Amino acid sequence: MLEFRDEKFVKIKMEVSFFLKKMAEAGDLGVASKSDGSLVTKVDYFVSELVKRVFHEEISSGVGFLSEEEMVHSIQFPMMVLDPIDGTNGLVQNNGECCISFCYFNSPLIEDPMNFAWIYNPFTGFEVCTTSITIEESLPLSKTHSTCHV
């Protein structure tokens with residue numbers, strides 16, 4: 001079962017935070033338009049590849065992976081579902097109104113206790129998952145300096 005404080009999520013937070021800082025310093029997010037007119041950036045692709053790399057063992061053992069930026073959209077359970085940058089417009093406008101949205105579905109049943117969801121804003125450090133809410137103040141882009149657990 002995935003856990004909020006799992007080292008894999010810590011790795012994702014750190015790598016995304018540093019990648020965003022690097023992109024901001026370079027002043028190039030690599031913004032492009034998809035065929036539907038929505039925006040996509042280098043950050044979207046980076047996060048998608050990072051999550052696949054971090055969860056390689058699970059994906060290799062048969063857990064499905066569905067990402068907004070992937071060409072293959074097949075549904076199988078168990079599966080991981082990712083929107084690498086939910087709110088790409090907020091990222092492009094540099095207003096911090098974006099997040100990584102990740103879900104693990106053990107089965108198609110919403111009440112399955114093994115299902116897990118995680119949302120993380122790399123600009124503020126705010127994250128929420130199925131078990132708690134927190135704000136990580138030690139990451140390079142974090143602007144908030146408090147912590148809350150529920």
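**Close-up views of a predicted model**

**View 1. Helix α2 and its buried residues.** Val43, Asp44, Val47, Ser48, Leu50, Val51 and Val54 are the buried residues of α2. They lie on the same side of α2, because they cover an arc of only 165° around the axis. The arc is that of the directions from the helix axis to the C-beta atoms. Buried means under 20% relative accessible area, exposed over 50%, and partly exposed in between (1.4 Å probe, protein chains only). An α-helix has 3.6 residues a turn, so residues three or four places apart point the same way.

This is a predicted model, in which local features need pLDDT of at least 70 and side-chain atom pairs count only at pLDDT 80 or more, while totals for chains, interfaces and linings use all residues. Residues are numbered from 1 along each chain as its sequence is written, and side-chain values use heavy atoms, with hydrogens and water left out.

View 2. Helix α2 covers residues 42–54. Its 13 residues should span 18 Å at 1.5 Å a residue, and the end C-alpha atoms are 18 Å apart, which agrees. The expected span is 1.5 Å times one less than the number of residues. Helices (H or I, at least four residues) and strands (E, at least two) are DSSP runs, numbered from the N terminus. At the start of α2, a side-chain oxygen of Thr41 comes to within 3.1 Å of the backbone nitrogen of Val43.

View 3. Strands β6 (residues 116–120) and β7 pair in the antiparallel sense over 3 bridges. Pairing requires at least two DSSP bridges between two strands. Trp118 has Cys129 of β7 as its bridge partner. The hairpin has 5 residues between the strands, and Gly125 takes a positive phi near 85°. In β7 (residues 126–129), Glu127 and Cys129 form the covered face; Phe126 and Val128 form the uncovered one. Cys129 is buried, at 10% relative accessible area.

**View 4. Cys99 without a disulfide.** The structure holds 0 disulfides (pairs of cysteine sulfur atoms within 2.5 Å). Cys99 is in none; the nearest cysteine sulfur, that of Cys98, is 7.1 Å away. Cys99 is buried, with a relative accessible area of 14%.

View 5. Ser101 sits in strand β5 (residues 99–105). Ser101 counts as buried at 14% relative accessibility. Its side chain makes a polar contact with the side chain of Asp86 (3.1 Å). A polar contact is a pair of N or O atoms within 3.5 Å; within protein, one must be able to donate a hydrogen and the other to accept it, and residues adjacent in sequence count only if both atoms are side-chain atoms. Leaving aside neighbours within four places in sequence, Ser101 is in contact (heavy atoms within 4.5 Å) with Val81, Leu82, Asp83, Asp86, Trp118 and Ile119.
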